[in-house]
Amino acid sequence: ADYSEAIATSDKAEMPGDAAQARALRGELLHNQGRYAEGLRDMQAAYRHYTAVGNEAQQSYALNAIANFYADPRVGQYDKALQYYRQVLGGHIARRRRGDAATTRYNIASTMERKGEYREALAEFRATLSGYEAEGDTGMIADTRRAMAAMLLRMKRPAEALPLAEQALAGAQNADDVNLVARTRVIRGSALRELGRGEEAIVELDAAQAYFAKMDNLRFL
């Protein structure tokens, strides 16, 4: 309601920049509420404004948010999402924004994974990992390794998944990211189970369960 009031006030005062910002924020909120068509209209309107005024940074932000709409599994328009993500990636590469480029590659890889294009996704995850390593982003290095390990499990390659999961777990612990530690324990435990190391797997899964129960995280429980 506050964002809607801000949009109406900004439009009345002929302040299109403020209206665009409020529309972008309302669009993200609508996305979180699952109101995809309304949220997408807001974000597209914000994108048109940022494009018209030549605000490259905000244009890139809005374009990425539009891609996120299409990549959402409940929308599932993955090809369209990839089209927008690649456009965002091109801008980051042209402006030598390595960290932002790595994040966009992560989104591309995740979207390819949802499509079931595992080999292509794995190549993108490797490029993502190189980008984060160049930036020294220890948290995202760990999270990318976790994501790669999870996908290798889906590809029935647990022997390759396990060392990646162990590297990810060590990185998450070094970064003191307790949520990432727990999510990575799920992957390591799953890999151990697939390799017939059930007693070790239970230790990891019990530790993850205890954390998610404490946090009341029903999704990961």
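This is a predicted model: local features need pLDDT of at least 70, side-chain atom pairs count only at pLDDT 80 or more; totals for chains, interfaces and linings use all residues.
Figure 1. The residues of α5 that are buried are Y78, A81, L82, Y85, V88, L89, G91 and H92. Helix α5 runs over residues 78-94, and its 17 residues should span 24 Å at 1.5 Å a residue, which agrees with the 24 Å that separates its end C-alpha atoms. Just after α5, the backbone at R96 takes a positive phi, with a value of about 55 degrees.

Figure 2. Across the whole structure, a search finds four aromatic pairs. One of them is formed by Y70 and Y84, whose ring centres lie 5.8 Å apart and whose planes meet at 5 degrees, so the pair is stacked. Because Y70 belongs to helix α4 and Y84 to helix α5, the pair ties together parts that are 14 residues apart in sequence. Y70 has a relative accessible area of 8% and is therefore buried, the limit being under 20%.

Figure 3. With 80 degrees between the ring planes and 5.5 Å from centre to centre, Y106 and F125 form an aromatic pair that is edge-to-face. This pair links distant parts of the chain, given that Y106 is in helix α6 and F125 is in helix α7 (residues 118-135), 19 residues apart. Both partners, Y106 and F125, are buried.

**Figure 4. A cluster of aromatic rings.** In this view, Y211, F212 and F220 are joined into a cluster by ring pairs.

Figure 5. The side chains of E113 and R154 meet in a salt bridge, with an N to O distance of 2.1 Å. The pair links distant parts of the chain, as E113 lies in helix α6 (residues 98-115) and R154 in helix α8 (residues 138-154), 41 residues apart. The two partners can also be described by their accessibility: E113 is buried, at a relative accessible area of 13%, whereas R154, at 45%, is partly exposed.

Figure 6. D143 forms a salt bridge with R146, and the closest N and O atoms of the two residues are 2.9 Å apart. Because D143 and R146 are three residues apart in helix α8, about one helical turn separates them. D143 and R146 are both buried.

**Figure 7. A salt bridge between a buried and an exposed residue.** R74 and D72 meet through their side chains in a salt bridge, at 3.2 Å from N to O. R74 has a relative accessibility of 61% and so counts as exposed, while D72, at 9% relative accessibility, counts as buried.

**Figure 8. A network of charged side chains.** Side chains of opposite charge can pair when their charged atoms come close. In the network shown here, salt bridges link E56, R95, R97 and D100. For the structure as a whole, the count comes to 21 salt bridges, taking a side-chain nitrogen of Lys or Arg within 4 Å of a carboxyl oxygen of Asp or Glu as the criterion.

Definitions and conventions:
Residues are numbered from 1 along each chain as its sequence is written. Side-chain values use heavy atoms; hydrogens and water are left out. Buried means under 20% relative accessible area, exposed over 50%, partly exposed in between (1.4 Å probe, protein chains only). Helices (H or I, at least four residues) and strands (E, at least two) are DSSP runs, numbered from the N terminus. The expected span of a helix is 1.5 Å times one less than its number of residues. Rings of Phe, Tyr and Trp (its six-membered ring) pair if their centres lie within 6.5 Å; planes under 30 degrees apart count as stacked, over 60 as edge-to-face and the rest as tilted.
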